[in-house]
Amino acid sequence: MTKFSLKSTIFRGIALALPLSVVLYVLYKFMKIFEKLIEPIAKKFQIEHVFGEITLTFFTVLAMLAIAFLLGLLMRIKLIANIRAEVESLVLKFIPSLNYLELMATERLKVDDIDLNWKPVLVLKGD
């Protein structure tokens, strides 16, 4: 068991909070964009208040899930998978702690098709 360090605990929390906050912010912005796109369609069919105030949010989440499903189908194409890998490597240059989050997610989800032969390493340089 490792010794508890307040400093390292705070830094690990920050390393988790920064990429997580970026992801949540991007999801929030996508939801607002989709709500604006879905609102005229919902008004046209007069279903903007079927579930009360959360109707647009409900339809937005459904639309985002449908798009994620379609993108998942596109990932079966080799060219698209290669583009995703290139974009991911570019993003990981700017937010390196996402490697660790990806490893935790794949272990928790027990994803079989992802290469788990690497482990994150921290190197202490100097004193």
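Among contacts in the chain between residues at least 6 apart in sequence, 37% join residues at least 24 apart, a contact being heavy atoms within 4.5 Å. The model is predicted: local features need pLDDT of at least 70, side-chain atom pairs count only at pLDDT 80 or more, and totals for chains, interfaces and linings use all residues. Residues are numbered from 1 along each chain as its sequence is written, and side-chain values use heavy atoms, with hydrogens and water left out.

Helices (H or I, at least four residues) and strands (E, at least two) are DSSP runs, numbered from the N terminus. Of the 127 residues, 10% count as buried; buried means under 20% relative accessible area, exposed over 50%, and partly exposed in between (1.4 Å probe, protein chains only). The chain exposes about 11200 Å², of which carbon and sulfur atoms supply 70%. Accessible areas come from the Shrake-Rupley method with a 1.4 Å probe, and for residues only the protein chains shown count as cover.

Thr-60 is located in helix α2 (residues 55–74) and is buried, because its relative accessibility is 0%. Apart from neighbours within four places in sequence, Thr-60 contacts Met-31, Phe-34, Glu-35 and Ile-38.

Glu-35 also takes part in a salt bridge with Lys-32 (3.6 Å, N to O). A salt bridge is a side-chain nitrogen of Lys or Arg within 4 Å of a carboxyl oxygen of Asp or Glu, and three are counted by this rule. Lys-32 and Glu-35 are three residues apart in helix α1 (residues 6–44), so about one helical turn separates them. Glu-35 is buried at 14% relative accessibility, whereas Lys-32 is partly exposed at 35%. In a further pair, the closest N and O atoms of Glu-39 and Lys-43 are 3.7 Å apart. Arg-84 and Glu-88 form a salt bridge at 2.2 Å, N to O, and both lie in helix α3, four residues apart.

A nonpolar surface patch of about 670 Å² is made by Ile-67, Leu-71, Leu-74, Ile-77, Leu-79, Ile-83, Val-87 and Val-91. Patches are made of residues with over 30% relative accessible area and no salt bridge; like charges are joined within 9 Å, and nonpolar side chains (Val, Leu, Ile, Met, Phe, Trp, Tyr) within 5 Å. Helices α2 and α3 (78–94) each supply at least two residues, and α3 gives the most, with four. Val-91 is placed in helix α3 and is partly exposed, with a relative accessible area of 35%.
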